[in-house]
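Me: I have a structure open and would like to go through it with you. Could we begin with the aromatic side chains and then move on to other topics?

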Amino acid sequence: MKRTIQKVAVLGSGVMGSRIACHFANIGCEVLLLDIVPKEQAEGEKKSRNKIAQEALTFALKSNPSPIYHKKFASRIGIGNFEDDMPKIAACDWIIEVVVENLDIKKKIFTEVEKYRKPGTLISSNTSGIPIHLMTDGRSDDFKAHFCGTHFFNPPRYLRLLEIIPTKDTHPDVIDFLMQYGEQHLGKTTVLCKDTPAFIANRVGVYSIMSLFHIVEKMGLTVEEVDKLTGPVLGRPKSATFRTCDVVGLDTLVMVANGLKKGLPNDEANSIFSLTGYLEKMVGNKWFGDKTGQGFYKKVKNVEGKSEILALDLKTMEYHPQQKAKFATLEMTKTIDNLKDRLKVLVAGKDKAGEFYRATFAGLFQYVSNRIPEISDEIYRIDDALKAGFGWDLGPFEYWDAIGVKEAVALMEQSGNKPADWVYEMLKGNSSFYKVEGNIRKFYDIPSKTYKAVPGAETFIVLDNIRSTKIVWKNSGLTVTDIGDGILNAEFHTKMNTIGGEILGGLVKAVEIAEKDFRGLVISNEAPNFSAGANVGLIYMMAVEQDWDELDRAVRTFQNTTMRLRYSSIPVIAAPHGLALGGACEICLHADRVVAHAETYIGLVEFGVGLIPGGGGTKEFALRLSDSFHEGDIELNTFRDKFLTIGQAKVSTSAYEAFDLGILRKGIDKVVVSRNRLLTEAKAECLLMAEEGYSQPLPRKDVRVLGNSAMGLVYAGSDSMRSGNYISDHDKLISEKLGFVLAGGNLSQPTMVSEQYLLDLEREIFLQLCGERKTLERIHSIINGGRVLRN
């Protein structure tokens, strides 16, 4: 049957339920959020019967980070209660149970659901620990056929994992639909799991954490040392291990670990799920992390009244000021940007860090090799689950490949952590768990002892899979790749994808190649962030040395590059994701269209370092301001809005908010929820523009600027803010310089000017601000971690 999801019922409005409801609202679904009727209520007051669901939703919408892409999307969520509103689920296409983790309560809810659910409607549970098959006892055949476990990770908007856990009665079409819908519409990495304790991600992830706890106790490592070793240097989140535990809640982690220890008596690593001595003391003291005010870290006020974060001494169980962790092995990796190259150095380290890495990887590799086929028949599912659920850059088998399977096995044998027999079988004729053949990524399939294509990847473009054979041109900062059908992709690969001369030159070259032999260009990459913006370090060096001619050339080059993108003879599509700040935003502003991932945090942030956007961004805002003008007083209101977007360095917290900021354009730019499909959708948009007959645009000479009438507004505002001590003298100066460019300069009346006129004005003011001492102090502070600039 053809299935569409338009209306979703979420049963249970707790932390997970309310946020799952928000994420379905994010993608355009109408949502019904139900919970119990409060035990105490005012007589005859209907509204109060929905108090629990209402308060839970209100709390969720006020939380930070927000569970919703845009505040207006909250209107898609209706609330109710189980007693009055359960009949409404008859109109829903998907019913998701998210009540307390108690099998009896879940069964009671499902009994009520059966009374009103229409046949064929999807029904699922978000349980994280209760066996899925136990929930369908006594249910109808149609219920069983359409029932599945759907385990979202918290917070549902941000963590990409969705585990799909069918029972033996779940219809194959239902499984296929949920796998596809979760990826394409919810933006998830959907992982098919077996109905085993904690499924895949928590089974392996909690093992990894508990194993680390025991290693830490044995080696005598500190909290600070472990978080230094297990953060970004290892391809893990900045919160690393102990900070993550504080955020999630140590009680939650211990609950899962205790459940696994009890539920897995035959697991060879059962003892690993036992609590270490320091964990037992923390649980006894109720030091669960952020929710109780202290855990592995504790925030206090020091003698000066300033906030300070203390770290726990795992031996004395007392808090102390954090100590900076240093390891020779980590020092050796500072210049190695590629994680896979860095891992070999980390594991080979001769100090305590190297010993730690060898111990943790040996245990992890042994554990995951022994979990097949128990929790999964395929290795890629385990890797996908850990990457999407725990934020690892690589999954366990991918880490193993990076270190070298044969080399890692030798280390494992030395520590008594031999892998499963199938690994030795694989090594008889092969050397890795994954390989790329014919631009297709394949995994080692254990039963057949052959390599098979990773399913699903055929529906979207993966640069890692095609880069080796499809490179058209490259330099040190940018690679141009042929992504098929006459479309090129320009991919940044500097640190944080910061934009310097190599990327600007590469973009111009990409346009030249596309104009000569191809049909269009996409600007996209697979790094965690699209780009953190222009390389301010280079700007700082030229400004300090007062090399104004060189700085003028650098700014002019940036402007010429963005204008080359705008006025090329082929369509140019920008596909940002993650951070797209400053200069990266300016590149997007000059693309023909933007296809943005929903989780795009984009804005012109130059004001924060004492500058204005100098790569065409200020000019572009003046142009868009002109296009939105209407006669009368509204012109100044529109001017103020655009001025404040730059002047307050506003950054969208989602791609949808970028429309409000005037960075994305309604009816032109679009948003994609699935990160995996971003490049594919951008390519399709580029092809569409090419096939419709793309015409090269002409530079604008009809930009209407307001001149001194707008500057009056700027001066009045900056004087008021300064007199109230809301801004500094330097902020006042930048504000007036920004207003000067947006207003078109010192003009006595509204005037039509050209883009080039505005670019020259923008560059002039940018250079003036670079000469300000306060600007240099701000830039210096940012690139040097807050240290003060000295004469």
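Me: How many aromatic pairs does the structure hold?
Reply: The structure, which is a predicted model, holds 32 aromatic pairs.

Me: Take Phe-24 and Trp-94. What kind of pair is that?
Reply: The pair is edge-to-face, because the planes of the two rings stand at 85 degrees. The ring centres of Phe-24 and Trp-94 are 5.3 Å apart.

Me: Which elements do Phe-24 and Trp-94 lie in?
Reply: Phe-24 belongs to helix 1 (residues 15-26), and Trp-94 belongs to strand 4 (residues 94-97). The pair therefore ties together parts that are 70 residues apart in sequence.

Me: Is Phe-24 buried or exposed? And what about Trp-94, buried or exposed?
Reply: Phe-24 is buried, at a relative accessible area of 0%. Trp-94 has 1% relative accessibility and also counts as buried, since the cut-off is under 20%.

Me: Next pair: how are Phe-213 and Phe-242 arranged?
Reply: Phe-213 and Phe-242 form a stacked pair, with 5 degrees between the planes and 5.7 Å from centre to centre.

Me: Which parts does that pair of Phe-213 and Phe-242 tie together?
Reply: Phe-213 is in helix 7 (residues 201-219) and Phe-242 is in helix 9 (residues 242-248), so the pair ties together parts that are 29 residues apart in sequence. Both Phe-213 and Phe-242 are buried.

Me: Which residues do ring pairs link into a cluster?
Reply: The cluster consists of Phe-361, Phe-365, Trp-392, Phe-397, Tyr-399, Trp-400, Trp-422, Phe-433, Tyr-444 and Tyr-451, linked by ring pairs.

Me: Changing topic to single residues. Where is Ile-165?
Reply: Ile-165 is placed in strand 7, which covers residues 161-166. Its relative accessibility is 0%, so Ile-165 counts as buried.

Me: And what does Ile-165 touch?
Reply: Leaving aside residues up to four places away in sequence, Ile-165 touches Ile-132, Cys-148, Gly-149, Thr-150, His-151, Cys-193, Lys-194, Asp-195 and Phe-199. As for His-133, which is 32 residues from Ile-165 along the chain, the two C-alpha atoms are separated by 9.5 Å.

Me: Now Ala-598. Where is it found?
Reply: Ala-598 is in a loop, between strand 21 (593-597) and strand 22 (600-603).

Me: Buried or exposed, that Ala-598?
Reply: Ala-598 is buried, with 0% relative accessible area. Beyond residues up to four places away in sequence, Ala-598 touches Tyr-69, Ser-654, Ala-655, Val-671, Val-672 and Val-673.

Me: How far is the C-alpha atom of Ala-598 from that of Ala-574?
Reply: The separation is 14 Å, and Ala-598 and Ala-574 are 24 residues apart along the chain.

Me: Zooming out: how many helices and strands does the protein have?
Reply: The protein has 31 helices and 25 strands. Its radius of gyration is 28 Å, close to the 28 Å from the globule rule for 791 residues, so the protein is as compact as a globular protein of that length. The C-alpha trace spans about 80 × 70 × 65 Å along its principal axes.

Me: What share of the residues is buried?
Reply: Buried residues account for 54% of the 791. The protein exposes about 34,100 Å², of which carbon and sulfur atoms supply 52%.

Me: What about contacts between residues at least 6 apart in sequence: how many join residues at least 24 apart?
Reply: Of those contacts, 69% join residues at least 24 apart.

Me: Last one, charges: how many positive and negative side chains are there?
Reply: There are 98 positive and 100 negative side chains, and the centres of these two sets lie 2 Å apart.

Notes. Residues numbered from 1 in each chain as written. Heavy atoms only, no water. Helix = DSSP H or I, 4+ residues; strand = E, 2+ residues; numbered from the N terminus. Rg over C-alpha atoms; globule rule 2.2 N^0.38 Å. Buried < 20%, exposed > 50% of the residue type's maximum accessible area, 1.4 Å probe, protein only. Contact = heavy atoms within 4.5 Å. Areas by Shrake-Rupley, 256 points an atom, 1.4 Å probe, with all protein chains shown as cover. Lys, Arg positive; Asp, Glu negative; His and termini not counted. Charge placed at Lys NZ, Arg CZ, Asp CG, Glu CD. Phe/Tyr/Trp six-rings, centres within 6.5 Å; stacked < 30°, edge-to-face > 60°.
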